[in-house]
Amino acid sequence: MSKVLAHEEIIVSTAVKQLTPAIYSPTEGAPAVFAIIHAEDGPMRYFVNGQNPSQSSGALLEDGDIVELPSIYHIKDFRVIRSGNDDGKLTVTYED
Amino acid sequence: MHLNHKKSSRIVNRITEIQTDGGLPKTGQNMSWYMFDDGYYQMGFPLGGAQRFVDNGDGTVTDMATGLMWVSDPTMVGLGFTMYWYDAIDACENLNFAGHSDWRMPNIFELMSTVDHSRYDPAWDTMYFAYPPDTWTPFWSSTICAPWTDGAWCMYPYDGYKTTYGIPWDMCYVRPVRGGQA
């Protein structure tokens, strides 16, 4: 049974964002090995290989979508940017 | 380990399914004759032995398992006789009863959902569904019998047996229904 370690909320605008290392991999304790991301508001695009997405490239992430990141590698390499005119919002839950 | 991305459209659909009382209704068998038979598990809705049918007191019955509303006694609404399939469809569509005008003829799954397999002659709970004029004349459903498009699926009140009757020439009873999901 996994345990929830932390949450964070990220507003995604015109600059590429990544998940926050200080939250998913704190100086004390084990890092997260799983993350579930809930998307809200404006559409976004993402990659999970460290590559920067753009407004026209990357997997489309829309309001209500849920993305599960199954490893620390996916978590570290998650990159996201908004793809429309409105900012998107990500709510991320990290688990051990 | 793979990335899992669930699209909101699919998630909404799944939530919709869960929010209904949806799922198969219980068969009605509440005695277990053999280990692990239907009566042993009594799977289906409503859960936990809750009441399945509700008599609305206006000649209609609501099935808490399927969400469907039924006419309790077709005779009360002038449908207590056998009729051709087309006439049965029309009668349901034109029915205005208990404050509702969206009655229709049930499909075969809906019709079969009223069967209580612990009963026969008729195979339904007569506390909620009136005794039919006779139990050996089927009730029509709106479901066509593929590939025989001159036939429609029907259900015998006697034992809930599913059968087919000819649309152009056979005459059966009908029990209007309303509600459900498209």
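Here are some friendly notes on this two-chain structure, which is a predicted model.

1. **Where the chains meet.** Let's begin with the contact between the chains. On one side, nine residues of chain B take part, and they are in contact with 15 residues of chain A. Putting the two chains together buries about 980 Å², and carbon and sulfur atoms give 51% of that area.

2. On the chain B side, β1 (4-6) and α1 (8-19) each supply at least two of the residues that touch chain A. The largest share, three residues, comes from β1(B). Sorted by class, the side of chain B that touches chain A has three nonpolar, four polar and two charged residues.

3. To find the pairing on screen, look for Ile66(A), which stands opposite Lys6(B).

4. **Strands within chain B.** Chain B has antiparallel pairing of its own. Strand β5 (residues 139-145) of chain B pairs with β6 (residues 148-155) of chain B over four bridges, and the hairpin they form has two residues between the strands. Next, β6(B) pairs with β7 (residues 162-166) of chain B, again in the antiparallel sense, over five bridges. This second hairpin has six residues between its strands, and Gly160(B) in it takes a positive phi near 80°.

5. Cys154(B) in β6(B) is a handy landmark. Trp140(B) stands opposite Cys154(B), and Cys154(B) also stands opposite Thr163(B) in β7(B).

6. Back in chain A, Lys17(A) is found in strand β2 (residues 17-18). Is this residue buried, exposed or partly exposed? Lys17(A) counts as partly exposed, because its relative accessibility is 31%. Leaving aside neighbours within four places in sequence, Lys17(A) is in contact with Ile10(A), Ile11(A), Phe78(A), Arg79(A) and Val80(A). Asp63(A) lies 46 residues from Lys17(A) along the chain, and their C-alpha atoms are separated by 17 Å.

7. Side chains of opposite charge can pair when their charged atoms come close. Over all chains, a search of the whole structure finds seven salt bridges. One of them joins Asp63(B) and Arg52(B), with N to O at 2.6 Å. This pair links distant parts of the chain, eleven residues apart: Asp63(B) sits in strand β3 (residues 60-63), while Arg52(B) is in the loop between α2 (38-41) and β2 (53-55). Asp63(B) is buried, with a relative accessible area of 0%, and Arg52(B) counts as buried at 13%.

8. Glu110(B) forms a salt bridge with Arg104(B), and the closest N and O atoms are 2.8 Å apart. Here Glu110(B) is buried at 12% relative accessible area, whereas Arg104(B) is partly exposed at 23%. The side chains of Arg119(B) and Asp116(B) also meet in a salt bridge, at 2.8 Å from N to O. Arg119(B) counts as partly exposed at 35% relative accessibility, and Asp116(B) as buried at 14%.

Methods
Residues are numbered from 1 along each chain as its sequence is written. Chains are lettered from A and ligands numbered from 1 in the order in which they are written. This is a predicted model: local features need pLDDT of at least 70, side-chain atom pairs count only at pLDDT 80 or more; totals for chains, interfaces and linings use all residues. Side-chain values use heavy atoms; hydrogens and water are left out. Contact means heavy atoms within 4.5 Å. Buried area is the accessible area (1.4 Å probe) that two parts lose on being put together, summed over both. Ala, Val, Leu, Ile, Met, Phe, Trp, Tyr, Cys and Pro count as nonpolar, Asp, Glu, Lys and Arg as charged, and the others, Gly among them, as polar. Two strands pair if DSSP finds at least two bridges between them. Buried means under 20% relative accessible area, exposed over 50%, partly exposed in between (1.4 Å probe, protein chains only). A salt bridge is a side-chain nitrogen of Lys or Arg within 4 Å of a carboxyl oxygen of Asp or Glu.
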